[in-house]
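Open the model in your viewer and keep the selection tool at hand. The tour goes from one selection to the next and says what is there.

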Amino acid sequence: MLLPLCLLIMVRESRKGNELLSITVGVQIADGWRPTLPHCCFTGGRQYRRPPTKQMEQALQKNLVDEEALEIIFFPTEEYMELYPLLIAAPPDGAPPEHPQRRCQGAAMPMLYLRHSRDWALCKPFILAGGLGVLTEQLADPNLYLRSQALESLARLTAEQDAFDWIALQHDLEPPRPPGAPPSAEARRLSKALFLLSHQDVLVKYLLGNREGSYPGGSWCALRLLAFFLSWLRLLHTPDRLLYLSDALLSALRLWQEMEGIPEEEKGLAKTLLEDFGRFPSAEQRSSQLQASQRLLQGAKGGGSTHTFSHTQEADPAHVVGAHWRIAEEEEGEGEGEPLHAKTG
């Protein structure tokens, strides 16, 4: 426990004028400490003594003083959390080590991981400002410290979030909805923010990439997040709760369940996913089936028909959303990202 104590002491010495607040935050940071990531604790102490005010001004395109920079990083309001995606974003490809975005990222990402991602009131504005997509882009970062913080934070905001039920789309602080009633406008916006990751092909690619060569425990966290996202997407965003995975994704799950040196629980989850989604044709097989069905129908009508299947018919031509799955075209157009059961009219 020496490392969290060092951080707590540094925070107290830096904020003697407001010691009670510093003690509270220090304890919260210490409680969130993990022995495998001591770098976070040292980084937090350094950034507290010397905030990257100038670098943050460039990232946020606004004038700041040190006190405001400290407040944004360590004690953000909900309004300040809308700025956090800009702070944790990765620097441009090929950027030099002294690029200002690296300093912003190094200051903000550990605090998001250690503290802010545990406060749902702060998480909501972060998600609605595009935070999930920014975290996703860093799941393949060569810096395993940053990668671990991004992956663990993303999992905490989604698959492991207790304050918001992504399946029921009902906040635990809201009054219970009558059966069949649509979720609140805020819940719909949060759902859409998560759904937009389905258009971000790197999500599955990077999660699969953490199967090997990740930080300790990274493959297990990535698999849990993959299981959550695929199950959530299938349950709320497919007409018949059918999600066809690509051959590549199914093959990756086969390899995952046969990996050596991982917990049996992790192997079991990979096997369960494979058995669950592998009951149906792959995305490529489904595409071939639908094309063949359409050709037969056109041939039966004399070859000149321009008929396309309705989404209410069994042979529904799927819309390719990403390289790893196919879902029905009902998700297109206005209302995209809205759960099917919540649609009206």
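This is a predicted model: local features need pLDDT of at least 70, side-chain atom pairs count only at pLDDT 80 or more; totals for chains, interfaces and linings use all residues.

**First stop: α8 and α11**

Select residues 100–114, which form helix α8, and residues 144–157, which form helix α11. The two helices pack at an angle of about 40°, and their axes are 9 Å apart. That angle makes α8 oblique to α11, and the crossing of the two is left-handed.

Now show the side chains at the contact. On α8, pick Gln105, Met109, Pro110, Leu112 and Tyr113. On α11, pick Leu146, Gln149, Ala150, Glu152, Ser153 and Arg156. By class, this contact of α8 with α11 holds 6 nonpolar, 3 polar and 2 charged residues.

**Second stop: α14 and α15**

Move on to residues 218–237 for helix α14 and residues 247–257 for helix α15. Here the packing angle is about 140°, with the axes 13 Å apart. The crossing of α14 and α15 is left-handed.

Select Ser219, Ala222, Leu223, Leu226 and Leu230 in α14; they meet Leu249, Leu253 and Trp256 in α15. The contact of α14 with α15 has 7 nonpolar residues, 1 polar residue and no charged ones.

Side chains of opposite charge can pair when their charged atoms come close. The count for this model is 7 salt bridges.

Start with lysine 124 and glutamate 186, whose side chains meet in a salt bridge at 3.3 Å, N to O. Lysine 124 belongs to helix α9 (residues 120–128) and glutamate 186 to helix α12 (residues 185–195), so this pair ties together parts that are 62 residues apart in sequence. Is lysine 124 buried or exposed? Lysine 124 is buried, with a relative accessible area of 17%, while glutamate 186 is partly exposed at 29%.

Next, select lysine 62 and glutamate 68. Their side chains form a salt bridge of 3.7 Å, N to O. Lysine 62 counts as partly exposed, at 31% relative accessibility.

Finish with arginine 279 and aspartate 276, where the closest N and O atoms of the salt bridge are 2.9 Å apart. Arginine 279 is exposed, with 56% relative accessibility.

Conventions:
Residues are numbered from 1 along each chain as its sequence is written. Side-chain values use heavy atoms; hydrogens and water are left out. Axes are lines fitted to C-alpha atoms, for helices over the stretch in contact, and angles run from 0 to 180 degrees between N-to-C directions. Helices (H or I, at least four residues) and strands (E, at least two) are DSSP runs, numbered from the N terminus. Angles under 35 degrees count as roughly parallel, over 145 as roughly antiparallel, 65 to 115 as roughly perpendicular and the rest as oblique. A crossing is left-handed if the near helix is turned anticlockwise from the far one by less than a right angle, and right-handed if clockwise. Contact means heavy atoms within 4.5 Å. Ala, Val, Leu, Ile, Met, Phe, Trp, Tyr, Cys and Pro count as nonpolar, Asp, Glu, Lys and Arg as charged, and the others, Gly among them, as polar. A salt bridge is a side-chain nitrogen of Lys or Arg within 4 Å of a carboxyl oxygen of Asp or Glu. Buried means under 20% relative accessible area, exposed over 50%, partly exposed in between (1.4 Å probe, protein chains only).
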